[in-house]
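I opened a notebook for this structure. My entries follow in the order I looked things up.

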Amino acid sequence: MAADQHVVAVDVGGTSIKAALVDRDLRAVETLREPTRRVGEVADVGQIAELVNRLGAGHDVVGAGVAVPGVVDDELGLVRTAVNLGWHDVPLRAELESATSVPLLVRHDVRTGGLAEFTVGAGKGAADAMFLPVGTGIAAAVQVDGAMLGASGYAGEIGHLIVDPGGAVCGCGARGCLETLAAAPAFARRYAERTGRTITDAAGVAGLLATDPDARAVWRDAVDALATALQAAVTLFGPSVIVIGGGVAEAGEALIAPLREELLNRLQFQRRPDVVRAALGQDAGRVGAALLGWQAADKL
């Protein structure tokens with residue numbers, strides 16, 4: 001392909017949409033960010049097409065990649081459901097290709113971030129790898145023998161493994177899911193329940209680890225819950241590397257070190273994976289979407 005060709009990378013969220021014009025070296029040449037536009041309660045697919053067309057104006061755009069939350073069938077480019085966007089059974093790839101005339105791939109946002117980390121990030125070169133962003137929710141991207149597991153959009157919901165059967169009720173309706181102990185909002189909620197003191201987020205709890213036993217207890221519970229879920233994942237999928245990302249991973253070794261130790265202490269015959277912090281941070285969605293765009297272009 002010619003050196004002056006580009007792709008458009010789009011990362012769709014419930015509150016904002018980020019898009020970038022990206023070159024073959026995965027460098028962002030131009031970026032746009034807008035609040036997610038809605039028609040009633042439903043996010044407007046047309047806004048995504050507009051961003052692709054606007055960034056592509058005056059450039060040779062040969063593909064696009066779109067990362068979206070929810071239950072996403074990557075092969076079909078079909079969003080089965082995305083609660084935060086109000087979408088149900090939206091044939092997103094077909095609609096966007098029709099509106100942009102650009103070959104395009106759609107993928108779940110966590111699997112898109114995983115693609116980035118497995119290709120150019122902390123999991124580069126690993127045929128068997130897991131990407132676990134710990135943020136407002138928890139999901140995983142799993143690669144086995146070099147192939148990403150999708151299961152028509154239903155794979156990777158590790159945040160809803162039951163780690164505490166008698167625990168709090170999760171937003172999904174089950175009791176004791178991993179998200180009730182280790183998703184970002186759980187840190188502040190559980191600290192307030194223990195102490196009666198309000199704290200804003202997981203970073204606030206992390207900042208108290210050196211001085212506050214209650215903060216250490218909340219953190220320890222989250223690490224134990226993550227280790228329980230990852231022990232199951234390692235047993236099932238055998239990753240050689242587990243890449244921890246998301247907002248909670250901004251705590252760095254305060255999270256990674258005890259999680260690594262706890263997980264490895266629990267393993268017996270299983271492969272003993274490296275547990276590392278994600279390399280790409282907030283850029284994982286953009287980089288992964290750009291990789292999708294180049295995949296779409298290369299299929300022509």
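Is threonine 112 buried or exposed? I looked up its relative accessibility and found 0%, so threonine 112 counts as buried. The cut-offs I used are under 20% relative accessible area for buried, over 50% for exposed and partly exposed in between, with a 1.4 Å probe and protein chains only.

I noted the ground rules next. This is a predicted model, where local features need pLDDT of at least 70, side-chain atom pairs count only at pLDDT 80 or more, and totals for chains, interfaces and linings use all residues. Residues are numbered from 1 along each chain as its sequence is written, and side-chain values use heavy atoms, with hydrogens and water left out.

**Entry: helix H3**

I placed threonine 112 in helix H3. Helices (H or I, at least four residues) and strands (E, at least two) are DSSP runs, numbered from the N terminus. H3 covers residues 109-119, and nine of its 11 residues are buried, so the rest of the structure largely encloses it. Among the buried ones I listed Val110, Gly113, Leu115 and Phe118.

Then I checked what the side chain of threonine 112 reaches. The backbone oxygen of histidine 108 is 2.8 Å away from it. A polar atom of that side chain also lies 3.5 Å from the backbone oxygen of arginine 107. Beyond four places in sequence, I found threonine 112 in contact (heavy atoms within 4.5 Å) with Ala67, Arg107, Ala284, Gly285, Gly288, Ala289 and Leu292.

**Entry: H5 against H7**

How far apart are the axes of H5 and H7? I read 10 Å, with helix H5 (residues 184-195) and helix H7 (residues 213-237) packing at about 135°. Axes are lines fitted to C-alpha atoms, for helices over the stretch in contact, and angles run from 0 to 180 degrees between N-to-C directions. H5 and H7 are therefore oblique to each other. Angles under 35 degrees count as roughly parallel, over 145 as roughly antiparallel, 65 to 115 as roughly perpendicular and the rest as oblique.

From H5, I saw Phe187, Arg190, Tyr191, Arg194 and Thr195 meeting residues of H7 that include Asp214, Val218 and Trp219.

**Entry: two serines**

Most residues other than glycine have a negative phi. I found a positive phi of about 60° at serine 101, and also one of about 60° at serine 152. Serine 101 sits in the loop between helix H2 (92-100) and strand E10 (104-108). At 67% relative accessibility, serine 101 is exposed. Serine 152 sits in the loop between strand E13 (147-148) and helix H4 (179-182). At 40%, serine 152 is partly exposed.

Notes: A polar contact is a pair of N or O atoms within 3.5 Å; within protein, one must be able to donate a hydrogen and the other to accept it, and residues adjacent in sequence count only if both atoms are side-chain atoms.
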